[in-house]
Amino acid sequence: MRKILIVEDDQLIAELERDYLEASEYEVEIAKDGYEGLRLSKENTYDLILLDVMLPGVSGFDICR
């Protein structure tokens, strides 16, 4: 199964994205801020990361760098 990380501080948006992806048989994890997203991206392997650029803590641009 393909694994996707959603890094999104808006809970409703993250849950909506997760629901659609899980319905398409993807395994999904959600990080609610930049620090958690950065930690998860280093600890796990993902096929795709959906990354919001305006996050509390560490911005999505900094995570990409």
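Because the model is predicted, local features need pLDDT of at least 70 and side-chain atom pairs count only at pLDDT 80 or more, whereas totals for chains, interfaces and linings use all residues. Residues are numbered from 1 along each chain as its sequence is written, and side-chain values use heavy atoms, with hydrogens and water left out.

The protein chain contains three helices and three strands, which follow one another from the N terminus in the order β-α-β-α-β-α; helices (H or I, at least four residues) and strands (E, at least two) are DSSP runs, numbered from the N terminus. The radius of gyration, taken over C-alpha atoms, is 11 Å, close to the 11 Å that the globule rule (2.2 Å times the number of residues to the power 0.38) gives for 65 residues, so the protein chain is as compact as a globular protein of that length. Along its principal axes, the C-alpha trace spans about 30 × 25 × 15 Å. Of the contacts in the protein chain with a separation of 6 or more, 57% are accounted for by residues 24 or more positions apart, a contact being heavy atoms within 4.5 Å.

Of the 65 residues, 29% count as buried, that is, under 20% relative accessible area, with exposed meaning over 50% and partly exposed in between (1.4 Å probe, protein chains only). In soluble globular proteins, nonpolar side chains tend to be buried together.

Two glutamates illustrate the region around strand β2. Glu25 is placed in the loop between α1 (11-23) and β2 (27-31), and counts as exposed at 61% relative accessibility. Phi of Glu25 is near 70°, a positive value in a residue other than glycine, and the C-alpha atoms of Glu25 and Gly57, 32 residues apart along the chain, are separated by 31 Å. Glu27, by comparison, lies in strand β2 and is partly exposed, with a relative accessible area of 35%. Apart from neighbours within four places in sequence, Glu27 is in contact with Met1, Arg2, Lys3 and Ile4, while its C-alpha atom is 9.6 Å from that of Tyr46, 19 residues away along the chain.

Val53 is found in the loop between β3 (48-51) and α3 (60-64), where it counts as partly exposed at 34% relative accessibility. When residues up to four places away in sequence are not counted, Val53 touches Ser59, Gly60 and Phe61.
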